[in-house]
Structure formats: structure tokens, C-alpha cells
Amino acid sequence: MNTTLWVIASVLALVFLAAGLMKVSQPREKLAASGMAWTADSSSGVVKAVGAVEVLGAVGLIVPAALGIAPALAAWAALGLAATMLGATVLHLRRKEATALPVALLLLVLAAVVAWGRFGPYAF
């Protein structure tokens, strides 16, 4: 199970790192035009903040545990990313964006599984 948690955490880290870097590095208007409709109704600061949270969460999933420096932070990063995706799910529900819900829910479940494992029976 430990290997499974590492694989899930690695996939999550890659997804959140890519998504976060995209939000941090690109203008809000470009993100809205590429299909992230919610960014058109949010300020640039909010979009950048969400991107920063995703990047930090991605780093937090892997680096502390891999280096053995405060490895418990990996569980907190997973919990934070699960909370982020819960917020994304609520946002997409309110905006009636049904096509975005499956990905948000999948990432929410995967992050919750990692949090459960790292806080519980497979803690570092």
C-alpha cells in the first residue's frame, strides 16, 4: 500500500504542479480562453493564489517525505489539496460546469486517499 500511495502522490504532484504553474505563469484572460471559464470571473490575484497553492501542494506531497525532513508535511499537503479540490467542486457545481466535475472529483478522491494513508496506517 505504501508503494500505491507513492504512485498516487506522484501523479497528483505532476498534475497539480502543471496546473499550478500554468495559473501562475499565464494571464487570466489566456486561461479563460483556453477553457478555464471560472478565471474570467475571478481576479488575477485569486487565479495566481490558486496556482501557488497547487504548486506548493505538489511540492509538499513529495519533497518532505523524499528528503526525510518533516515527512508529516506530505499528509498535510494531501489534505490541503483535497480541500482545494472540494472548493473547485463547489465552484464548478455553482457555475453549472458539469464537464469539469469528474476531474475535480477524481483529484479530490485521490488526494483524500493519500491524506488518509499518510495520516493513518501508512504514516512516515
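**Chatting through the helices and a surface patch**

Q: Where does I69 lie in this one?
A: This is a predicted model, and I69 lies in the loop that links helix 3 to helix 4.

Q: Is I69 buried or exposed?
A: Exposed: its relative accessible area is 57%, and the cut-off for exposed is over 50%.

Q: Which residues form the nonpolar patch on the surface?
A: I69 is one of them, along with L17, L21, V59, V63 and L67. Together they have about 520 Å² of accessible area.

Q: Which helix gives the largest share of the patch?
A: Helix 3, with three residues. Helix 1 and helix 3 each supply at least two.

Q: OK, helix 1 then. What span should its 24 residues have?
A: Helix 1 runs over residues 2-25, and at 1.5 Å a residue it should span 34 Å. Its end C-alpha atoms are 34 Å apart, so the two agree.

Q: Which residues of helix 1 are buried?
A: L5, I8, A9, L12, A13, F16, A19, G20 and K23.

Q: And what covers them?
A: The cover includes helix 2 (28-33), helix 3 (44-67), helix 4 (73-94) and helix 5 (101-119).

Q: Switching topic: where is S43 found?
A: In the loop between helix 2 and helix 3.

Q: Why does S43 count as partly exposed?
A: Because its relative accessibility is 42%, which falls between the 20% limit for buried and the 50% limit for exposed.

Q: What separates the C-alpha atoms of S43 and G117?
A: 35 Å, with the two residues 74 apart along the chain.

Methods. Residues numbered from 1 in each chain as written. Predicted model: local features only at pLDDT ≥ 70, side-chain atom pairs only at ≥ 80, totals over all residues. Heavy atoms only, no water. Helix = DSSP H or I, 4+ residues; strand = E, 2+ residues; numbered from the N terminus. Expected span 1.5 Å × (residues − 1). Buried < 20%, exposed > 50% of the residue type's maximum accessible area, 1.4 Å probe, protein only. Contact = heavy atoms within 4.5 Å. Patch = residues over 30% accessible without salt bridge, like charges linked within 9 Å, V, L, I, M, F, W, Y side chains within 5 Å. Areas by Shrake-Rupley, 256 points an atom, 1.4 Å probe, with all protein chains shown as cover. Salt bridge = Lys/Arg side-chain N within 4 Å of Asp/Glu carboxyl O.
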